[in-house]
Amino acid sequence: MADEREKIVQVRNLKQYFNIGKPNEVKAVDDISFDIYKGETFGLVGESGSGKSTTGRSIIRLYDPTDGQILFNGQDISKIKSHGPQMKEFRREMQMIFQDPYASLNPRMKVKDIIAEGLDVHGLVKGEEEREKRVRELLDMVHLNPEHMTRYPYEFSGGQRQRIGIARALAVEPQFVIADEPISALDVSIQAQVVNLMQDIQKEQGLTYMFIAHDLSMVKYISDRIAVMYHGKIVELADSDEIYNHPLHAYTQSLLSAIPVPDPEIEKTRERIDFDHSQPFSDDQSLQEVLPGHFLYCNAETAASFK
Amino acid sequence: MDKILEVKDLHVNFATYNGTVQAIRGVSFDLNAGETLAIVGESGSGKSITVRSILQLLAKNADIAKGSILYHGDDLLQKSEKGMDNIRGNKISMIFQDPMTSLDPTMPIGKQVAEPLLIHNNVSKKDAMARAEEVLRLVGIPNPKARMKDYPHQFSGGQRQRIVIAIAIVDYPEILIADEPTTALDVTVQAEIIDLLKELQQKIGTSIIFITHDLGVVAGIADRVAVMYAGKFVEYGSVNDIFYNPQHPYTWGLLDSMPTLDTSEANRLNSIPGTPPNLLNPPKGDAFAPRNKYAMEIDEEEQPPYFKVSKNHYAATWLLHPNAPKVDPPASIKKRFEKFKQLGGSVK
Amino acid sequence: MGVKNNMEQIPNVPKEKFKLIHDENNNEQEKIGTPSLTYLQDVRRRLFSNKVAVVCLTLLSIIVLISLFAPLVAPHNPNAQQVTLSNLPPKLGNLNIPGFNGYQNMGGKMVDAYKQAGASKDTFYLLGTDYLGRDLLSRIIYGTRLSLIVAILATLVDLIIGVPYGIVSGWKGGRTDTIMQRIVEIVSSVPNLIVVILMMIILKPGLGSIVIAIAITGWVTMARLIRAQTFQLKEQEYILAARTLGESSTKIATKHLIPNLSSTIIIQTMFTIPNAIFFEAFLSFIGIGIPAPNASLGTLLSDGQKAFRFLPYQMWAPAIILSIIMIATNLLGDGLRDAFDPQSDD
Amino acid sequence: MAKYILKRIFYLFLTLFIIATLTFFLMKMLPGTPFSNQNRMSPDQLKIVKAQYGLDQSVFVQYVRYMGGLLQGNLGTSFQFNNEPVTALIGQRLAPSMQIGAQAMILGTVLGILLGAVAAIRKNTWVDTLATFISILGLSIPSFVLAVLLQFYLAYKWHIYPVALWDNFQSSVLPTLALAALPLGNVARFMRTEMVDVMSSDYIELAKAKGNSSWKVVTKHALRNSLIPVVTIIGPMAVSVMTGSMVVENIFSIPGIGEQFVKSITTNDYPTIMGLTIFYSFLLVVIILIVDILYGFIDPRIRLGNGGKE
């Protein structure tokens with residue numbers, strides 16, 4: 001059963017608000033809870049403004065969470081000080097791959113120094129020679145030519161840059177990697193390169209991924225379980241096949257019905273399901289397990305109907 | 001069918017700091033009345049430059065080096081600037097990619113929608129505004145009468161794209177060019193906009209040239225499809241030809257690298273290795289050859305001509321030459337061939 | 001193979017050309033052909049292809065070099081008075097070039113002023129002398145030197161205060177930023193020049209006072225620009241990446257922020273320099289700047305203005321030099337901006 | 001909006017308070033007595049005069065008095081002009097300064113906008129180069145140099161305008177020209193950058209795609225969008241004109257505030273310096289406030305709020 005698996009991340013009632021108390025207060029993440037199991041790929045999908053990226057950034061502590069707990073390997077990391085030994089340790093265990101291959105690499109640094117940044121921070125290598133050797137290994141791992149380590153980011157294509165970003169994240173040998181829309185800025189033919197690479201590395205090193213995206217077909221392909229976010233809340237969470245085959249939440253259904261499929265015959269028959277955005281939530285609703293492993297944001301009455 | 005637009009052997013160069021970029025290297029196509037032609041390709045393949053050439057909305061360093069663009073037999077490239085002004089927004093109009101920046105931020109939207117009418121038709125301001133209101137209603141802006149006085153920033157992204165579409169269709173253009181109109185939008189909004197375009201096409205009978213990099217969108221909207229790579233069309237045909245009987249290895253690669261909802265993790269995605277060529281010095285032979293699993297010697301020496309696959313279906317690959325060896329396409333492509341047979345097509 | 005029969009014209013290609021050449025381990029595509037240029041090399045290349053910028057750079061270099069070696073270049077002691085030889089017009093050797101032949105209009109007649117003053121035959125002043133008989137050329141050379149020193153010192157202070165202030169304000173954000181920005185607002189609510197004047201009244205006139213006075217207000221613009229840039233940069237993903245790797249704030253500032261702020265800093269500096277030169281000239285012009293007998297461009301202009309109606313050369317020369325420095329730094333600043341931040345369509 | 005304006009007005013007074021305080025104490029730090037110029041005074045006389053100006057009190061009492069005076073619009077009393085209140089001095093001298101200041105601002109702004117717009121539309125042509133060169137000249141040549149040159153050639157040599165003194169419009173032409181150069185350069189440069197930006201924006205492309213002629217694209221869409229940000233540099237321009245006017249008024253012997261300011265510096269007339277500093281700052285913060293509010297009204301994006309998310 002799912003519950004016997006080891007949990008690497010447990011998010012409990014996480015809230016991330018911005019501009020608290022001001023007229024422009026934003027509840028980017030509003031009371032969400034979920035677990036991520038060791039070794040799996042956890043997909044987080046949602047449209048722009050749904051809070052999916054904020055969730056990722058709160059978990060990796062780029063933000064200080066407003067409220068709630070984030071347990072990483074059983075330890076609450078939501079309140080550790082941003083410049084302490086505890087944080088430094090945590091920074092080795094959890095890493096992030098970013099969205100924009102053009103903004104995620106410092107244009108003034110050589111590829112070598114970009115990849116070695118984590119090695120330097122955590123003192124993982126001694127001496128220039130070992131450092132260079134490790135960078136070579138990492139470049140090789142992401143299928144880049146080690147001769148390129150003295151080049152600058154602008155000389156690389158989008159896909160290559162994204163692989164440099166992956167090498168940088170993996171340099172510190174993390175257990176858990178958050179990939180924040182890692183392929184949405186790439187061309188179709190390049191997306192598969194990056195996704196394949198991520199999967200290969202996951203298998204080799206037993207990594208756990210949280211894969212944030214708006215492209216549902218790619219998320220479905222890469223993820224074991226998927227959470228759907230809408231307006232700062234998780235509205236549905238289940239195994240990826242389950243989500244696609246039996247979506248329960250009206251929003252998930254609408255989202256799925258909107259995905260264009262590269263097949264004219266299917267497209268001809270596709271029926272778009274509209275979602276009423278005017279009254280998405282009511283107070284008596286919460287995320288509850290309505291079927292085994294299948295969570296739905298609904299009220300008790302609805303939940304009971306599945307029993 | 002009526003051919004309303006014919007583009008012949010179009011070449012466009014860009015003068016840049018590093019030299020001349022040959023962005024479009026001989027593109028030819030035609031457009032029939034009432035149909036939707038989709039041009040699909042990766043960023044930098046030249047699809048946007050191709051359609052901007054039609055309206056001559058290119059950057060200053062662009063040079064249309066060769067070719068002709070015949071609109072009802074009239075070469076647009078020979079027209080004066082004033083002659084082009086009469087075509088733009090009137091006979092041929094355009095929708096741009098980013099709805100957040102396409103509207104003038106300091107002008108009420110009603111006025112912006114009415115503008116093409118005031119430019120091209122001898123109508124009173126009042127009539128133009130009345131028509132603008134009507135079109136805004138048509139594209140699904142609720143309560144258009146009141147909202148005409150609002151400014152772009154008071155609308156959501158999807159609504160703004162609807163307004164941009166309203167501007168494009170307000171003067172019943174014969175051709176509507178949509179340059180990645182849904183790329184910047186969320187998937188549910190994208191679906192709404194595409195449905196809207198289809199519906200409008202029915203209502204006003206316009207032809208559409210639709211540019212996108214998303215094959216899924218193409219499958220839903222196009223009658224005919226052109227696949228573009230490195231400044232050339234590598235394959236074009238009907239939507240069924242391209243999706244169920246693709247012949248060019250690049251088309252195979254594109255289709256094969258997309259997960260469909262039934263792709264499970266067990267069957268790995270196939271990616272196209274490498275990156276598109278630099279068009280500063282385009283390769284002598286087939287530009288796709290270095291990434292092509294099925295590349296042959298001839299590919300490195302000579303550019304392939306268009307081979308006719310069936311009526312109106314052409315592909316520029318040496319694999320279609322009688323002397324070429326028979327190759328084994330990817331599994332997912334073979335599945336598509338099966339479907340083509342079921343639909344009554346004949347596969348080689 | 002039915003479809004192939006429909007082909008209109010099939011090029012004739014020998015069969016052996018159709019050998020599949022695919023190589024599984026082909027890494028060709030990942031190769032980068034172009035020579036590796038660092039960002040600065042690229043900037044330099046762009047800057048040197050801009051003719052206007054090159055001319056300005058050359059002019060400024062010459063001016064800087066001359067003022068650097070002022071004691072060697074200047075033909076006379078700039079403060080040495082020789083009252084008998086006062087107000088002599090320019091004379092360039094014994095060459096008879098109009099305007100540089102030592103002749104002067106006196107009562108409607110052109111008179112050789114040197115002869116009248118009883119100067120020896122081989123006495124000549126390239127740009128003439130002032131009312132105390134001091135060599136104007138030497139005074140301009142020394143004056144330029146002083147003005148440049150003021151500019152460079154003021155700019156340095158600007159960098160030392162403005163850059164860290166901007167970085168801290170932008171990086172910390174929140175309350176710190178609000179307070180720091182209020183201070184900036186207040187400082188910039190008083191016209192710069194008035195603050196400078198107030199400071200000059202309080203401090204003893206002189207080089208140091210001028211630098212301090214200019215620096216007190218000058219850093220504000222720099223701080224504002226750097227803050228705005230830092231705000232943008234700190235949301236950049238490479239900065240976020242550095243944070244997730246555990247990089248300390250100081251390291252982020254030195255490794256990521258400052259290198260990426262360098263273009264802004266350099267460009268802004270190019271606009272601070274003419275500003276400082278202008279302030280110095282202004283203060284000296286209204287008589288509260290560099291004290292006599294030392295020359296600065298401002299004092300020379302001020303002296304020149306008094307006699308302008310009769311001896312226009314005394315003002316023209318410093319005015320031209322001042323304007324050249326101002327124009328050249330401004331244009332070079334423009335050139336640098338284009339070089340650092342090229343517009344895509346050029 | 002009303003709340004925003006009130007908040008801004010509060011900050012305006014806070015800023016002025018701080019400036020007044022700082023100026024007051026800076027002036028008190030000055031060495032010597034303010035009457036060192038009139039050394040014919042006997043110690044007794046000095047004492048009387050000091051008492052007359054309240055200078056025999058403690059600094060703190062003087063400060064409280066001064067601030068109290070400020071609240072009633074009293075900027076203190078000049079040492080030099082027979083006890084004339086500084087406000088009265090300003091009153092007498094405001095008109096000429098305002099006239100040439102306003103003329104220079106309007107002239108500089110209008111010409112600058114035209115120059116910048118033309119340069120942007122003809123980007124990278126000789127027109128652009130010429131316009132850029134003119135604006136750089138405007139920025140680079142100090143107003144006092146320009147003033148002297150204008151005075152010498154246009155007035156003294158060619159007698160087109162009066163050399164100095166203040167009597168009719170004619171006498172305001174040369175100082176206006178001398179002062180207008182800097183705002184002209186600034187506006188032209190700013191306008192060019194803005195307009196180049198706007199011209200390459202998507203909505204300009206859409207305006208072209210609608211079939212607007214090039215002229216209409218510029219007049220109906222580009223010009224307005226580039227003009228809005230130009231409003232923001234009116235504040236800094238006012239400062240440059242204000243400070244420039246100090247020497248320019250001096251050179252042309254115009255009885256304005258700037259000339260008064262320079263005069264009070266050379267005569268150590270501290271109350272006048274203080275009063276004028278506060279007055280200048282007041283003028284500046286008010287101009288900036290008006291500009292900000294104006295900006296909000298001109299730009300619909302600000303006027304109507306952000307309308308949800310960006």
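His231(A) is found in the loop between β9 (225–230) and β10 (233–239) of chain A; strands (E, at least two residues) and helices (H or I, at least four) are DSSP runs, numbered from the N terminus. The model is predicted, and local features need pLDDT of at least 70, while side-chain atom pairs count only at pLDDT 80 or more. Residues are numbered from 1 along each chain as its sequence is written, and chains are lettered from A in the order in which they are written.

Arg61(A) lies in the loop between α1 (52–59) and β4 (67–72) of chain A. The table lists two residues with positive phi that are not glycine. Buried means under 20% relative accessible area, exposed over 50%, and partly exposed in between (1.4 Å probe, protein chains only).

| Residue | Phi | Relative accessibility | Class |
|---|---|---|---|
| Arg61(A) | about 65° | 5% | buried |
| His231(A) | near 50° | 47% | partly exposed |

The two chains also meet: 42 residues of chain B are in contact (heavy atoms within 4.5 Å) with 36 residues of chain A. Two salt bridges are counted between chain B and chain A, each a side-chain nitrogen of Lys or Arg within 4 Å of a carboxyl oxygen of Asp or Glu. Asp195(B) forms a salt bridge with Arg272(A), with the closest N and O atoms 2.6 Å apart. On the side of chain B that touches chain A, at least two residues each come from α7 (187–204), α8 (215–221), α9 (239–244) and α12 (331–342) of chain B. The largest share of that side, six residues, is supplied by α7(B).

Terms used. Heavy atoms only, no water.
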